[in-house]
Amino acid sequence: MSYQILTLDILQDYLFTIPQINAYLQAGALEIQEIGDGNLNFVYIVTNTDNQKSLIVKQAVPYLRIAGEGFPLSRERMSYEIRALQFYGELVPDLVPKIYYADEAMSLVVMENLSDHIIMRKGLIDATLYPNFAEHLSTFLAQTLFFSSSLYLSSSEKRQLIDRFNGNRELCKLTEDFVFTLPFMEDETNEVNPDLKEEAEALFAEQGFKKNLLQLKYIFMTQSDALLHGDLHTGSIMLNEEQSYVIDPEFAFVGPFGFDIGALIANLINAYMSHFYRSEDEAYQVWILETIEAIYIQFERKFLALWADHPNSALLKEGFIGDEELDIFKAQFMQNIFKQSVGFAGCKIARRVFGIAGVEDIRGIKDPYKRQQAEMMALQVGKYLIEHYETMEGVEDLMKYLRGVKRG
């Protein structure tokens with residue numbers, strides 16, 4: 001079928017043409033509801049009202065929905081989301097939604113409806129505890145990053161992986177612009193809180209930390225370590241107290257190890273800072289910090305265990321280097337991943353303050369003064385991590401710094 005946008009009036013007839021969907025939903029009346037924020041794609045929940053079976057339909061359109069048809073955006077982004085979900089489904093099937101049907105020509109994926117789960121950001125705002133989250137996400141990061149890297153793949157396999165994802169240029173360019181550049185200069189896309197106009201002007205004029213921004217942007221643009229989700233924030237995770245699912249990998253590309261880790265850490269730090277002004281729940285803030293620490297420690301342990309179990313790769317052959325020297329190499333390798341993760345986390349935190357894509361954790365604070373204070377804290381923390389990422393030796397340095405952050 002040639003591409004067409006599946007609006008509400010034609011979606012049901014289209015679904016009935018797919019045998020896999022018919023077999024899953026079975027006979028009955030369908031209820032279709034558009035959901036999601038509508039920034040990029042059409043997202044529908046489809047429910048058989050007789051047996052209550054349901055699924056999610058997601059389709060990309062050839063423009064940025066939030067801006068309208070005058071802002072073209074290739075719908076090929078859905079192809080990369082489909083490919084990433086398929087890759088993840090083979091590695092970590094319990095951590096991504098099940099795909100029932102996918103059609104790259106239609107820029108369409110039909111998948112499991114996670115009706116018993118919520119977007120993590122909403123749970124964090126409500127101060128909900130997720131005792132299994134660190135275990136789940138450290139596994140996701142270790143498995144997906146290791147098995148898509150040259151520490152596991154042959155050279156030809158790695159090049160094939162890059163070829164399969166290197167066309168996702170438009171969304172990578174969005175990241176280059178809206179994470180590393182525009183939020184740190186005068187630009188019409190920024191959304192500056194009027195109460196922070198002076199702070200914004202000072203930031204845009206400050207040159208020192210921008211050199212580190214350029215270093216991190218260059219790493220993002222040129223380093224092809226592993227397959228990344230590309231937008232791993234707490235809005236791209238659905239979970240409950242028992243299960244965690246990573247969703248929406250439409251920004252997927254082959255990039256630096258630390259980017260997904262840094263994005264996740266940044267969003268947890270944003271949640272931590274928001275609770276100085278939302279709940280003032282110190283116990284919950286302690287849980288968030290412990291979760292950040294646990295994610296990185298467990299990620300590193302699991303990643304190194306995979307590396308030990310698979311000693312032959314495009315990079316290394318058994319017997320090439322002695323055990324002691326290899327251990328030193330691995331320690332330095334992991335330390336470099338951590339440092340870059342901290343730097344990327346700083347970019348992700350700071351860009352949310354004045355950039356177009358703020359986060360509900362902080363921008364959703366209703367009291368203007370508290371919101372202003374939370375944004376100032378986020379700016380302080382983000383800048384610090386950008387300026388000092390190269391001197392942080394390990395996760396204990398990050399935790400010491402975060403525990404010292406105080407409410408203004």
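The points below cover the cores, the helices, the strands, the cysteines and some single residues.

This is a predicted model, in which local features need pLDDT of at least 70, side-chain atom pairs count only at pLDDT 80 or more, and totals for chains, interfaces and linings use all residues. Residues are numbered from 1 along each chain as its sequence is written, and side-chain values use heavy atoms, with hydrogens and water left out.

**Terms**

- Helices (H or I, at least four residues) and strands (E, at least two) are DSSP runs, numbered from the N terminus.
- Buried means under 20% relative accessible area, exposed means over 50%, and partly exposed lies in between (1.4 Å probe, protein chains only).
- Contact means heavy atoms within 4.5 Å.

**Nonpolar cores**

- A nonpolar core is a set of buried Ala, Val, Leu, Ile, Met, Phe, Trp, Tyr and Cys residues joined through side-chain atoms within 4.5 Å.
- The largest one has 109 residues. Phe133, Phe140, Phe299, Phe303, Val381 and Leu385 have the most contacts inside it.
- Helix H12 (residues 323–354) gives the largest share of this core, 12 residues.
- Another core lies apart from it and has 21 residues, including Leu11, Tyr44, Val46 and Tyr63.
- Phe133 touches Met120, Ile237, Leu239, Ser244, Leu264, Leu268, Thr291 and Ile295, not counting residues up to four places away in sequence.

**The sheet of E6, E8 and E9**

- Two strands pair if DSSP finds at least two bridges between them.
- Three strands form an open sheet in the order E6-E8-E9, with antiparallel pairing.
- Strand E6 (118–119) and strand E9 (244–246) stand at the edges. Each has a single partner strand, so one side of each is left without a neighbour in the sheet.
- Strand E8 (residues 237–239) and E9 pair in the antiparallel sense over 3 bridges. Ile237 has Val246 in E9 as its bridge partner.
- Helix H5 (residues 133–147) packs on the sheet and touches E8 and E9. Its direction makes about 30° with that of E9 (axes are lines fitted to C-alpha atoms, for helices over the stretch in contact, and angles run from 0 to 180 degrees between N-to-C directions).

- The expected span of a helix is 1.5 Å times one less than its number of residues.
- H5 has 15 residues and reaches 21 Å from its first C-alpha to its last, close to the 21 Å expected.
- Of the 15 residues of H5, 12 are buried, so H5 is largely enclosed by the rest of the structure. Among them are Phe133, His136, Phe140 and Phe147.
- Helix H14 (residues 368–388) has 21 residues and should span 30 Å. Its end C-alpha atoms are 30 Å apart, which agrees.
- Buried residues of H14 include Gln372, Glu375, Val381, Lys383 and Leu385.
- The buried residues of H14 pack against helix H8 (197–205), helix H9 (208–222), helix H10 (258–274), H12, helix H13 (360–363) and helix H15 (395–403).

- Strand E2 (residues 41–48) is mostly covered, with 8 of its 8 residues buried.
- In a regular strand the side chains alternate between the two faces of the sheet.
- Both faces of E2 are covered. Asn41, Val43, Ile45 and Thr47 are buried on one side, and Phe42, Tyr44, Val46 and Asn48 on the other.
- Strand E1 (residues 30–35) pairs with E2 in the antiparallel sense over 6 bridges. Tyr44 in E2 is the bridge partner of Glu34.
- E2 and strand E3 (residues 54–60) pair in the antiparallel sense over 7 bridges. Leu55 in E3 is the bridge partner of Val46.
- The hairpin of E2 and E3 has 5 residues between the strands, and Gln52 there takes a positive phi near 65°.

**Cysteines**

- The structure holds 0 disulfides (a disulfide is a pair of cysteine sulfur atoms within 2.5 Å).
- The sulfur of Cys172 is 15 Å from the closest cysteine sulfur, in Cys347, too far for a bond.
- Cys172 is buried at 13% relative accessibility, and Cys347 is buried at 0%.

**Single residues**

- Ser341 lies in helix H12 and is buried at 0% relative accessibility.
- Asp248 has a positive phi near 60°. Asp248 sits in the loop between E9 and strand E10 (253–255) and is partly exposed at 25% relative accessibility.
- Glu280 has a positive phi of about 55° although it is not a glycine. Glu280 lies in the loop between H10 and helix H11 (282–309).
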